[in-house]
Every structure is written in structure tokens, then in C-alpha cells.
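Subject: Two-chain model, handover and notes

Dear colleague,

Here is the structure I said I would pass on. My notes on it follow below.

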Amino acid sequence: MAISNEMKENFEDLAEKIITKEELIFFLEEISVAQKEIFKKEEGFLSKKVEGRISEDLKKYSKNPEQQFYFLEQLKKYLLNIPQVKLEIVFSPSANFLNKISSWLKKEIGKKIFLDLVLNPEIVGGVIIEYQGKYRNFSLAKEIDKIIAEKRI
Amino acid sequence: MPNDLLTNNLLLLLSFAAVVLLALFFCLILGRKKETKSSIFLEVSETFKNEVENLIKKEMEIAVLELREKIQKVSNEIEREYKEKTANLVSEIDKEISKIDKIGLENQNKILKEAENKIKDLQEGVEKNLKKFEDVNLKTQALLLTATKNKSDELAKGLTEEISGVYQAVKDVLSQKIAETDREIENYKKERLKEIDEKIYRMLGEIAKKTIGKAIDLSTHEELVEKTFEKAKKEIF
């Protein structure tokens, strides 16, 4: 079964709501839960079966069991194929900030990217970015070390 | 001489005594022969035999007496002559002894004198030789002293040169070692100072990081990250 445009749009919509890797993991967990419930012999729709256990967003797209399963499986694949950028920062960012960053990335790169956030107080400030094999240290700690080294000489 | 006389007289006496004894012996033997013969041819009476025996006895006694007298006489004579001779001999011996003494004394004096002269000559000779020896000794001493002095001067010079050479060499080595040690100390000082410097700067960096980290607020952090993304756009994305 090929992915239809509708499905793709649905995937994009769902992906839009996920910003961080943590959220992705959590969402994938929900998919697994839903997939497990699809073929259970309980009466009722999948939405009813997974009531309270998965988010509302996921509940919207369930149809017949095979389609449902297929949909969820494809969704998992789609989500796992979305690139991630590792960001080492020194503070716990707000949702607003994360949205800002995510939107900026989508705008500049032209595709959706998930943020893999790592808290590292040692960098003092700024950020260390790792993306597709590239590593750049834009931390304040590095700048301070550079200044100290210059002073030493 | 007295001895010869005595000997002659004794010989005479002994010979006379021997003759008498022989005569007696022959008489006895004849008597026995006659007895045997008489036993054969003639019987002699006991009285005759006794008379003959008494006669012989008497004669023998007389002969013995005479002999004794003669012996006494001769021995007296001998003794007298011996004494005379001995006295003469003693005086002659004394004379000779005195002569010998005299000669001995003369000889002794002579020998002494000669010995004294010899000793004197020897002494003079020894003194002369001693003097010569002293002179030679003094000269030799002087030579030895000079030679020793020269040698010791040479040795002292040589030693001084060697010692100064050794001293210089040791000094050079020591100077080298000191310079090396100084260098090592300097290097060590530099290393330690460098270590301390690095430590100080490391600590400065850590303090700066801690201080700056505490001073920055959340909005500043967010601003920093946003600005960084602008920078990262070209390098990463």
C-alpha cells in the first residue's frame, strides 16, 4: 500500500506538533500502544480502546484495523526519518523558545527537524550544535577559554 | 846430668843385686843337684846341711848388709849430687829466667814502643783519612743538598704545574656542572612557573565560567542561542 498524499499531510500535521526528541519518543510509545490495541478482541473503536492512553491527535486518524496498523506503522517510519539536531544548552528552554527555534530551522533549511536537547551547565552559555555529522561549538565556555589563552600568550 | 848419674848408679846396684841373686840361685840349684847327685852318689848329714845353710844365710845377710850400705851410700851420693846439681840448676834457671825476664822486658818495651809508634802512625793515618773523608763527605753533602734542592725544586714545579692543571680541569668541570645545574634549575623554575601559570589561568577560566554562568539570565541565554543559530546557518545548515 503506498502512502497517499492525505496520509502524508496527516504525517506532516502530526510531525508539526512534535518539536523535541523527547516528545518524539513519547509519541512513538503512544503509536506502539495503539498498535497493540488494534487487534485486541475488545468491542468498540480503536479510539475507545485507547481512550486516555494516547493523545487526541492520534485518535483522529484511526480507520479499519489494517489501515490503522498500516497508518501507524508508516507514521512511525516517517517520524523516524525526520532528521534531528543535537543542541547542548545550559538552560531549560520554554515551549515558546522551542517553537521559535523549530520554526526558524524549518524556514531556513526547508524541512522539519526535531531538536535533541541536552542540558550541559559546563558550556556556561550559547550552544553546541551537532547535525548530520557536523559539530560546532558556539559555547561561552569556549570563548572564555580562547580569551584566557590569548591573555596567557 | 843428675838424672844420668842416678840412673847409672841404680843400674849398677840392680846389676849387683841380680848377680847376687843368681849366685844364690845357682847355689840352691847346685845344692839340690848335689843333693840329687848326693842322693845318688853322696849322703850328706843333716848337720852339714844345716851348717851350710847357716853359712849361706850369714853370708847372705852380710852381703845384703853390704849391699844395703852400698845402696845407701850410692843413694846418698846421688841425693847429694842431685841436690847440688838441682841447686845449681835452680840458680841457673833463675839466672836464665831473669835473663829471659830482662830480654822479655826489653822485647816487651820494644814491642810496646813499636806498637805505640804503629798506633801513632795509624792514628795519624786515620786522622788524615778521616779528614779526607770529612772533606769528601762535606763535599758530597753539599753536592747532594744541591742536587736534592734542585730535584725538589723541579718536583715542586712539576707538582705545582700538575696540581694547577688538575685544579683547572676540576674547576672547568665544576664550572660546567654548576652551569648545567644552573640551567637545570632555571628550566625547572620555568617549568614550575609555567605550570603555576597554567593552573592560575585554568582557575581563572573556571571562575570566569562560574561567575558568568550565574550572572546570565534566561532571556540572555535564549538570545545567545538565537544569535548562534544565525552564525551556524552558514557553517552547519
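Lys233(B) and Glu230(B) sit three residues apart in helix H3 of chain B, about one turn of the helix. Helices here are DSSP runs of H or I with at least four residues, strands are runs of E with at least two, and both are numbered from the N terminus. The two side chains form a salt bridge, with the closest N and O atoms 3.9 Å apart; the rule asks for a side-chain nitrogen of Lys or Arg within 4 Å of a carboxyl oxygen of Asp or Glu. Lys233(B) is partly exposed because its relative accessibility is 29%, and Glu230(B) is placed in that class by a relative accessible area of 42%. The cut-offs are under 20% relative accessible area for buried and over 50% for exposed, with partly exposed in between (1.4 Å probe, protein chains only). Salt bridges with shared partners also bring in Glu108(A), so that Glu108(A), Glu230(B) and Lys233(B) make one network.

Before the rest, the conventions. This is a predicted model, in which local features need pLDDT of at least 70 and side-chain atom pairs count only at pLDDT 80 or more, while totals for chains, interfaces and linings use all residues. Residues are numbered from 1 along each chain as its sequence is written, chains are lettered from A and ligands numbered from 1 in the order in which they are written, and side-chain values use heavy atoms, with hydrogens and water left out.

The chains

Chain B has three helices and zero strands, in the order α-α-α from the N terminus. Of its 237 residues, 8% count as buried. Chain A has 153 residues, and 42% of them are buried. Its secondary structure comes to seven helices and four strands, arranged along the sequence as α-α-α-α-α-β-α-β-β-β-α. In chain A, 65% of the contacts between residues at least 6 apart in sequence join residues at least 24 apart, a contact being heavy atoms within 4.5 Å.

Strands of chain A

Strand E3 (residues 126-131) of chain A is mostly covered, with five of its six residues buried. E3(A) is joined to strand E1 (residues 84-89) by four bridges, and the two run antiparallel; strands count as paired if DSSP finds at least two bridges between them. E3(A) also pairs with strand E4 (residues 134-139), again in the antiparallel sense, over six bridges. Tyr131(A) takes part on both sides: Val85(A) stands opposite this residue, and Lys134(A) is its bridge partner in E4(A). E3(A) and E4(A) form a hairpin with two residues between them, and Gln132(A) in the turn has a positive phi of about 50°.

The interface

How many residues of each chain are in contact across the interface? The count is 24 in chain B and 30 in chain A. The size of an interface is often given as the accessible area lost when the parts come together. Here the area buried between chain B and chain A is about 2,500 Å², and carbon and sulfur atoms give 76% of that; the value is the accessible area (1.4 Å probe) that the two parts lose on being put together, summed over both.

The rule finds four salt bridges across this interface. In chain B, helix H2 (46-215) and helix H3 (218-235) each supply at least two residues of the side that touches chain A. H3(B) gives the most, with 13 residues. By class, that side of chain B has twelve nonpolar, four polar and eight charged residues. Nonpolar covers Ala, Val, Leu, Ile, Met, Phe, Trp, Tyr, Cys and Pro; charged covers Asp, Glu, Lys and Arg; the others, Gly among them, are polar.

Salt bridges

Over all chains the structure holds 15 salt bridges. In one of them Asp145(A) meets Lys209(B) at 3.1 Å, N to O. This pair crosses between chains, from helix H7 (residues 140-152) of chain A to helix H2 of chain B. Asp145(A) counts as partly exposed because its relative accessibility is 39%. Lys100(A) forms a salt bridge with Glu226(B), the closest N and O atoms being 3.3 Å apart.

Within chain B, Glu46(B) and Lys49(B) meet at 3.8 Å, N to O. They are about one helical turn apart because three residues separate them in helix H2 of chain B. Glu46(B) is partly exposed at 49% relative accessible area, and Lys49(B) is partly exposed at 28% relative accessibility.

Regards
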